[in-house]
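Work through the exercises below with the model open. Try each task before reading its solution.

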Amino acid sequence: MARYTGPQCKLCRREGMKLYLKGERCFTDKCAFDRRPFAPGDHGRDKKKLTQYGIQLRAKQTMKRIYGVLEAQFRRYYETAAKKTGDTRENLVIQVERRLDNVVYRLGFAVNRTTARQLVNHGHFMVNGRKVTIPSYQVRPGDVIEVREKSRDILPIKNAIELNKDKNRMPWVSVDFDNYKGVYERHPKLEEVIDLPVDVQAIIELYSR
C-alpha cells in the first residue's frame, strides 16, 4: 500500500504544530519545527487567514499525518464511522486507533508510528498468537499483541521499551514489558485521546459537504 516517504518534519511545519512524528527527537534541539516554525516553501512565512473550508482541510490533513494514513484509506475510515451508531467523531478516532501499527506504538514497543509500521511490516509482532504483517489490521478489544520471540533483541524494540517502561500508557491498552506483550483492552473514548490536537468535528463537516 502507498505511504508517505518524504521528510517527516515538513509535515509538522506545514500544519504549524508539532505532530511528534519522530518520537523523542521532537523533544530535543534537533527538532526542525523549533528551528523553523513556519510552513515550507518560498511563501512559508506568509500569514494567511484560513476560510472555514481551509480550517476543515487542515484538520483532516493533520489527523491523516499523525496516523500515517493517506486519503483513500482515511475516507474509508470516515465512511465506516458514519455508518456506525453513536458519535461519528468518536467512531472515526476508533478506526485509526485500532490500527495495529498505532496499537504497537501505544503499547510502547516503538518510539513512533512510522517505526511501528515498519516493525509490523517486517513481521515482528503477533496478534493472538498469529503473525500479522498488515499495519492497518484492525485490532479488537481483548486482542493480545506480542513481540515474536526471535524479534525481542532487535534494537528498535529494545530501545523503545527502555524509553517507555516508566511512562503511563493510554487507559484503553495495557502492557507487560517483561513478557513482551500487551492487550488492546477496549476502544477509546474521544475525550481520552488527549494527544490528538485536531477538531474532529471539522473533519466530519468537511466530508459531509
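**Exercise 1: Phe177 and its surroundings**

Task: find the residues that Phe177 touches, leaving out those up to four places away in sequence.

Solution. Phe177 touches Leu107, Gly108, Phe109, Ile161, Asn164, Lys165 and Arg169. Contact means heavy atoms within 4.5 Å. The model is predicted: local features need pLDDT of at least 70, side-chain atom pairs count only at pLDDT 80 or more, and totals for chains, interfaces and linings use all residues. Residues are numbered from 1 along each chain as its sequence is written, and side-chain values use heavy atoms, with hydrogens and water left out.

Phe177 sits in the loop between β4 and β5. Helices (H or I, at least four residues) and strands (E, at least two) are DSSP runs, numbered from the N terminus.

Then check its cover. Phe177 has 14% relative accessibility, so it counts as buried. Buried means under 20% relative accessible area, exposed over 50%, and partly exposed in between (1.4 Å probe, protein chains only).

**Exercise 2: The nonpolar core and its helices**

Task: which residues touch the most other members of the largest nonpolar core?

Solution. First, the term. A nonpolar core is a set of buried Ala, Val, Leu, Ile, Met, Phe, Trp, Tyr and Cys residues joined through side-chain atoms within 4.5 Å. The largest one has 43 residues, and Met63, Leu92, Val104, Phe125, Ile145 and Leu196 touch the most other members. Helix α9 (residues 200-207) gives the most to this core, with five residues.

Next, follow Leu92. Beyond residues up to four places away in sequence, Leu92 touches Met63, Phe74, Tyr77, Tyr78, Ala81, Val200, Ile203 and Ile204.

Then look at the helix that holds Leu92. Leu92 is one of the buried residues of α5, which include Glu90, Asn91 and Gln95. Eight of the 10 residues of α5 (residues 88-97) are buried, so this helix is largely enclosed by the rest of the structure. Its buried residues pack against α3 (52-67), α4, α6 (100-107), α7 (113-121), β5 and α9.

Now compare two helix axes. Helix α4 (residues 71-83) and α9 pack at about 95°, with axes 11 Å apart. Axes are lines fitted to C-alpha atoms, for helices over the stretch in contact, and angles run from 0 to 180 degrees between N-to-C directions. α4 and α9 are therefore roughly perpendicular (65 to 115 degrees). Glu71, Phe74, Arg75 and Tyr78 in α4 meet Ile203, Ile204 and Tyr207 in α9.

**Exercise 3: Arg106**

Task: is Arg106 buried or exposed?

Solution. Locate it: Arg106 lies in helix α6. Arg106 has 5% relative accessibility, so it counts as buried. Now list the contacts. Neighbours within four places aside, Arg106 is in contact with Tyr67, Glu97, Arg113, Arg169, Met170, Trp172, Val173, Val193 and Asp195.

**Exercise 4: The whole chain**

Task: how many helices and strands does the protein chain have?

Solution. The protein chain has nine helices and five strands. Of its 209 residues, 47% are buried.

Key. Angles under 35 degrees count as roughly parallel, over 145 as roughly antiparallel, 65 to 115 as roughly perpendicular and the rest as oblique.
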